[in-house]
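Work through the exercises below with the model open. Try each task before you read its solution.

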Protein chains: 2
Amino acid sequence: MSLTVVGSIAYDAVKTPFGERERMLGGSAVHFALAASFFTQVRVVGPVGEDFGAEDLAVLTERGIETGDIETIEGGKTFFWQGHYEHDLNVAHTDDTQLNVFAEFEPKLSEASASSDVLFLGNIVPDLQRNVRAASSAGFAALDSMNLWIETARDSLVAAIGEVDCLLLNDAELRQLTDESNLAKAARAVREMGPRIVVAKRGEYGAALFTDDDAFAIPGLLIEEVADPTGAGDSFAGGFLGYLDSVGAESLNGDELRRAMVFGSVMASFNVEDFGTERVRSLEPSEVESRVADFKSLTHFNDAPLATS
Amino acid sequence: MSLTVVGSIAYDAVKTPFGERERMLGGSAVHFALAASFFTQVRVVGPVGEDFGAEDLAVLTERGIETGDIETIEGGKTFFWQGHYEHDLNVAHTDDTQLNVFAEFEPKLSEASASSDVLFLGNIVPDLQRNVRAASSAGFAALDSMNLWIETARDSLVAAIGEVDCLLLNDAELRQLTDESNLAKAARAVREMGPRIVVAKRGEYGAALFTDDDAFAIPGLLIEEVADPTGAGDSFAGGFLGYLDSVGAESLNGDELRRAMVFGSVMASFNVEDFGTERVRSLEPSEVESRVADFKSLTHFNDAPLATS
């Protein structure tokens, strides 16, 4: 089993009520790959500038992630994002975005990356996502996006969505995309665009899964130590798709989809405990297992004797 | 077992994207009592005006609710609330509030109401909540409140909270009350004020329960037909406390608390399906049982084989 992710590799400057970092490794492909690496073999496709440090590449390779398709653009600078969070950590405020090497990015997939079993199209320009999908022979593809593309490249985004098996999106963006305020109805409208699996990411409130046969919802873990939510959604996607790839995404069943949601939530919960990649890069598999048990304890209930009158 | 609720009995004018009603039965005590009546004997304490209709009183008595402590104020008018909801049904916009008989309300508890096993102090002036608590011999008391009292009567509210076993509050209000952005820490701060049980109501996202020994979180049911969220929080409280009273709130254990959360969520999910009390007043116990099964199906997952690497 193997999983290819295309997306941003970035330096982030982030300030939250709990601290700040002026320049740290980030980006959708990085957060995704680190989380997914706990479950399967991951290959990253994306551009960096000449300023990209060997120590940052090592964060990926130390987790066994294949980085051969990370392309260093001569004379280029790595994608840079600056943002902050206030009291409500569900809302990221963007202060600066420098596309740098991403402005001219044309993804090139090696044969190994193109032939992975699962493909994750991280949040980039929808037409690029379509190009990558067309170049890949993955039997299962998933896509993330954002409000910017819903507003500025809607037709391309809808076409890209029509070419994948699974859409992961924030719940507010699902509503925006479908102009449907009810989440279950919005998910149904997305399934009519093509994907048979829709995952609504709900920040600290957890996530919900919709297929034609099933609906599943989980709360977020009630973490007391939240430092920085940046990358939580990508860590969720990494845990979700990493687990699905590990059990065979093409032949998955409802139970496995539910377990994938739990692993996604668990990986996101680690992500937010420290800045950027700092928590997940030092995570042990035993900690993942332990937190799945915590998650079960948080959400489990016994059948009630129904003393209704 | 028996349960007394003190709170508003109201006429509401509500407009949502899915319809509107110019004048319908509402109020925290009404929504609470209807939901709780599926589990235990409920007594309502509160004032109405001379305009309060016999057909509205019958909505309560037909569910077996004791209305002897509903006081008709001579020459008075019933509490009136007007509000609307836009695309985001989690946010109620208040357009008009006429306290009417509530402006001078002094709760009087009959001996039967005072000696109920469980007392619910619906969202009214904190000093009135304290008076009712002092007049009641209930072994278990719970309280709801709102941002208005946090802002205008904070000291009284904190004192009232210190005199109950359980606080139910919206998550944003828990944060506001404790000045703590992290929900788990906010709940801990509330427990230090007195209550050993804290329930965070999270609107469509469900609810979370905190005690010294336990944390439990549930998503909301993913209802496609949402007409009017007014009263959902009180219906949650009614299902929650009604179930607790039915099993003995004074000697409850963690499993029962979790089941109570599920019943609360189920009753809230019915409440939102139609305007005001229209859905719950015609609900059958078998529908409650069926929806508990739906809820289990929505949230259940099997232990995952941990193929982490």
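**Exercise 1. Describe the second largest cavity.**

Step 1: volume. The second largest cavity holds about 30 Å³. A cavity here is a set of points on a 1 Å grid over the protein atoms alone where a 1.4 Å probe fits but cannot get out. Points are joined across faces, edges and corners, and the volume is the space filled by probe spheres set on them.

Step 2: lining. Lining residues have an atom within 4 Å of a point. Among them are B:His31, B:Leu34, B:Ala35 and B:Asn271.

Step 3: source. Helix 1 (residues 28-36) of chain B gives the largest share, 3 residues. Helices are DSSP runs (H or I, at least four residues), numbered from the N terminus.

Before going on, note the ground rules. This is a predicted model: local features need pLDDT of at least 70, side-chain atom pairs need 80 or more, and totals for chains, interfaces and linings use all residues. Residues count from 1 along each chain as written, chains are lettered from A and ligands numbered from 1 in written order, and side-chain values use heavy atoms, without hydrogens and water.

**Exercise 2. Find a salt bridge between the chains.**

Solution: B:Glu224 pairs with A:Arg188, the closest N and O atoms being 2.4 Å apart. The rule asks for a side-chain nitrogen of Lys or Arg within 4 Å of a carboxyl oxygen of Asp or Glu.

Technical notes
1 Å grid on protein atoms, 1.4 Å probe; cavity = no way out; pocket = protein on both sides within 12 Å on 5 of 7 lines; lining within 4 Å. Helix = DSSP H or I, 4+ residues; strand = E, 2+ residues; numbered from the N terminus.
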